[in-house]
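Here are my notes for your review. Please read them with the model open beside you.

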Amino acid sequence: MDDRLMYSELGCYKDADETLLRKIGKNDYYDLSPLRSETMKDEFRRFISHRGSQVSLNTVQHDKAYFRQLCEALRTRKNIPDSLLGWEETKWVQFLKGWMLKNGIVLNREKKSAYGTTHLIEARLIRYLRMLLRFLQPEDTRMEQEKDIWRLENLDITIEENPIYKTETLNFTGILQDGIRQEVKKAVYAHLKYEKLGTVKRELSSMRQFSKYLKDKGIKVQSCADIDRALIEEYLIHKATNGSSGRGNSDDIIKLRSVLEGVGKIYGYLHLEKLFINTDIPPEIQPEFKTYSDRELKRLNAHITKLDEQITRCMVIHQMLGTRISDTLTLRQDCLYNMDGQDMIRIAQVKTSTFRKPISAELAALIRKAAAYTKERYGETEYIFVDEKDKIRPLQYTTIKHKILQLIQKEDLRDDEGNPFGFSTHMFRRSYGAKLTELHLDDWTIAKLLGHKGVSAVQHYRRMGNQILADETRRAREEQTRILLANLDGWEEEYEQIR
């Protein structure tokens, strides 16, 4: 077989830009000849071919540097297997790290997140090797529920998920005790049938935390059957004193209880349903109910307009509707209609039910413009805002969040206190609600415009508007005080006594 793997054989080649093809020139192939065995050549050929069907040609070209470094590392050692499956991943990574250190290649690099924090991650060469080794692993033919990483699409149940968050797998490897891991799988599978995916993911997270605690403390528990009240009390003390937030702790304990009770029902561990008492759940620390000021909104929006035009439309529509971000991103192409000459919108809320409300002609025109943009580029779609990689799905929340956080960092945008802007799409909804209170609308009208079933949440928006109320009523209060003082004229000594 020819030791050259031509770029023209790869799936990404036909979509490559002409400028890139001219730039690549004669270097349009991978030379597999430095690999010492035919088996290893075949393994690399299969991996690169697969990679070429998943990424752009520019990425394939960039990967060639890592391929050459791996070939150089493999050439330096004689006693290595003929196949990349001959060693475990940990041994291959250890071998590569040793070669990198000898050749002055750093093992880690700094990465700045969308939140502005910097942390160390493995060098790209090591990550490339891990991708290669994991691709080559033989297919796991077990039932999906028996595996430690589930692909949700392979489960035989309907899963309810929020469409703006794409979740492909559930990972149980963080549960470190084999027996507990198998028991939790059964409970999670049962919960997926009637709970939302987001809830199940938080349950799994709570079990990973509990499992790590058991390992760190050296507690030899391999089955949920061995978990007793004394152990739970020790864990509750740990949670209360490790510096994490009360709100997070409350949800963690609730989810841990849910999983353990589920395990108890499935396996007949009856004591698990009596492990927790109501006072175990720490009180939630109510977060400060913040909103953007007019100055902050103006400052932020002035820069949001610099983003991609459809992202900008999305954010403007989001603010003008006052919806949750999940409801904005899942607006349907047929959401607009007209009733007695008034533009109306139908909003299918992800968390609750569908509601309708009137909107301005300007907002309706902007929504139609966004819908036309999507239809022109992606054809017929269900949603107005779509994921460019998968037009069946709505635009993903992480896409919006990362773009705006990167913008905030690049432009060094700051709030009224001089601190770097955070980003919360729900802050726009709060600002919308607070503005409605400033218009002195009644609670029911505000609730209807926000899509709430009842009026209980309106009190939060009114609390934010207290300063506005104070400012607006200042003249009336001052006039009332003047009248009262005028009525006190002539009281003289009697007035002085009460003053």
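1. What volume does the largest cavity have? The largest cavity has a volume of about 70 Å³. A search of the whole structure turns up one cavity of 30 Å³ or more. The term is defined on a 1 Å grid over the protein atoms alone: a cavity is a set of points where a 1.4 Å probe fits but cannot get out. Grid points are joined across faces, edges and corners, and a volume is the space filled by probe spheres set on the points.

2. A word on the source. This is a predicted model, in which local features need pLDDT of at least 70 and side-chain atom pairs count only at pLDDT 80 or more, while totals for chains, interfaces and linings use all residues. Residues are numbered from 1 along each chain as its sequence is written, and side-chain values use heavy atoms, with hydrogens and water left out.

3. The cavity lining. The largest cavity is lined by Phe 44, Leu 70, Ala 73, Leu 74, Leu 84, Trp 92, Phe 95, Leu 96 and Leu 129. Lining residues have an atom within 4 Å of a point. Helices (H or I, at least four residues) and strands (E, at least two) are DSSP runs, numbered from the N terminus. By class, the lining of the largest cavity has nine nonpolar residues, no polar and no charged. Here Ala, Val, Leu, Ile, Met, Phe, Trp, Tyr, Cys and Pro count as nonpolar, Asp, Glu, Lys and Arg as charged, and the others, Gly among them, as polar.

4. A pocket with another make-up. The second largest pocket has a volume of about 900 Å³. A pocket is an open set with protein on both sides within 12 Å along at least five of seven lines. Its lining has 24 residues; Met 131, Arg 134, Phe 135, Gln 137 and Ile 149 lie nearest the centre. The elements giving two or more residues to this lining are α2 (38-54), α4, α5 (124-136) and β5 (149-151). The lining of the second largest pocket divides into 10 nonpolar, four polar and 10 charged residues.

5. The sheet. Three strands form an open antiparallel sheet in the order β7-β8-β9. The edge strands are β7 and β9, each pairing on one side only. From one strand to the next, the twist averages 30 degrees. Axes are lines fitted to C-alpha atoms, for helices over the stretch in contact, and angles run from 0 to 180 degrees between N-to-C directions.

6. β7 (residues 336-339) and β8 (residues 342-348) pair over four bridges; strands pair if DSSP finds at least two bridges between them. Asn 338 stands opposite Asp 343. This hairpin has two residues between the strands, and Asp 340 takes a positive phi near 55 degrees. Five bridges join β8 to β9 (residues 354-358). Ile 345 faces Lys 357, and Ala 348 has Thr 354 as its bridge partner. Five residues lie between β8 and β9 in their hairpin.

7. Cysteines. How many disulfides are there? The count is zero, with a disulfide taken as a pair of cysteine sulfur atoms within 2.5 Å. Cys 314 is buried at 0% relative accessible area, and Cys 335 is buried at 1%. Buried means under 20%, exposed over 50%, partly exposed in between (1.4 Å probe, protein chains only).

8. Arg 462. This residue sits in helix α17 (residues 458-464). Arg 462 counts as partly exposed because its relative accessibility is 29%.
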